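Have the structure open while you read.

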Amino acid sequence: MKNIDWKNLSFGYVKTEYNVRCYYRNGKWGKIEVSSSEYLPIHIAATALHYGQEAFEGLKAFKGKDGKVRLFRWEENAKRLQNSAKGILMAAPPTELFKKMLKKVIRKNQRFIPPYGTGASLYIRPVLFGTGPQVGVKPAEEYVFIIFVTPVGPYFKEGFKPVSMLITREYDRAAPLGTGKYKVGGNYAASLASMQKAHDEGYANVLYLDAKEKKYIDECGPANFFGIKDNTYITPKSDSILPSITNKSLITLAEHMGMKTERRKVELDELETFDEAGACGTAAVITPINKIVDDITGKTYTYGDKPGEVSTKLYKKLQAIQTGDEEDIFGWTEIVE
Ligand SMILES: *Cc1c(COP(=O)(O)O)cnc(C)c1O
């Protein structure tokens, strides 16, 4: 194996040695298989390929100063995958199966876990999809659940640095009663064109408005949105956004730091009143936002070119818990022996 340059890893795919797989056939989950192939033969009429029966998850494992490997809130990911599966009528992997596969894939790929202090971590990608053939529109009768891992560096090379967001009314990501609340690939297909537009115009991502009224903030591409004002952490409540585990954790941390927290509808106009704004998710942890531009009204909301004080405090606190630098009083981490 080539030596990995841990300090210069980007957020991308690096081949590891093993992945784990489990097939759902005849109404039940089979044995866990360990594979060293990056490929999977699939039926040409698989529902994943034709009708988008696919859901995924994303979580991280961190090596601590003590050399131990910590997983962050994995049960939340297991539950969310089950919810996504239910949402698009797929067989849902039980929590126990999720756990066994998760631990196995981490143990099997020990040498790909980035060392402490490099800023890198092991990104874990569970993926579930319909492998059974259907030509009429129907859920598959067979599924595969795979977990692979890949070492990743910080999401942004520059580190913890503010980025800009674009609000556009040319595209929607998810409908109010649609699949926005599930972590399914289809939402991402629906977001690619708007994301491309944002990138082409020099923005890091799109800040989506609610699809029905175009009046409220939904979320930022693959991350949830939050704003800070008057010692309060505010994050949108919406049926078309993905319930982020990072966001949920930040709410708890903010309360623990003596802040008020609100999860409620956030009107577009309220952007003007925030002292800090940010995007949050597993990949980026917290990404501070320095500027939001509305492409119709031309209105620009700015939050300064340095990360805000509260965002920085939350970011450091969350990372300290994840790596084990600070005691985990919330019971969020689990050591993988
Ligand atoms: C995965 C995801 C997030 C972030 O969720 P975390 O659990 O914090 O990683 C936010 N929005 C969307 C659309 C996502 O797919």
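1. Where does the ligand sit? The ligand is in the largest pocket. A pocket here is an open set of points on a 1 Å grid over the protein atoms alone, where a 1.4 Å probe fits, with protein on both sides within 12 Å along at least five of seven lines; sitting in it takes more than half of the molecule's atoms within 2 Å of its grid points.

2. A caveat: this is a predicted model, where local features need pLDDT of at least 70 and side-chain atom pairs pLDDT 80 or more, while totals for chains, interfaces and linings use all residues. Numbering starts from 1 along each chain as its sequence is written, and side-chain values use heavy atoms, without hydrogens or water.

3. The ligand is surrounded by 15 residues (a heavy atom within 4 Å), with Lys183, Tyr188, Ser244, Thr246 and Thr282 the closest.

4. Now the polar contacts (N or O pairs within 3.5 Å). Ligand oxygen atoms lie 2.6 Å from a polar side-chain atom of Ser244 and 2.7 Å from a side-chain N or O atom of Lys183. A ligand nitrogen is 3.4 Å from a backbone N or O atom of Pro222.

5. On domains, the automatic or database assignment gives domain 1 (6-152) and domain 2 (163-323). Their C-alpha centres are 26 Å apart.

How values were computed
Polar contact = N/O pair within 3.5 Å; in protein donor to acceptor, adjacent residues only side chain to side chain. 1 Å grid on protein atoms, 1.4 Å probe; cavity = no way out; pocket = protein on both sides within 12 Å on 5 of 7 lines; lining within 4 Å.
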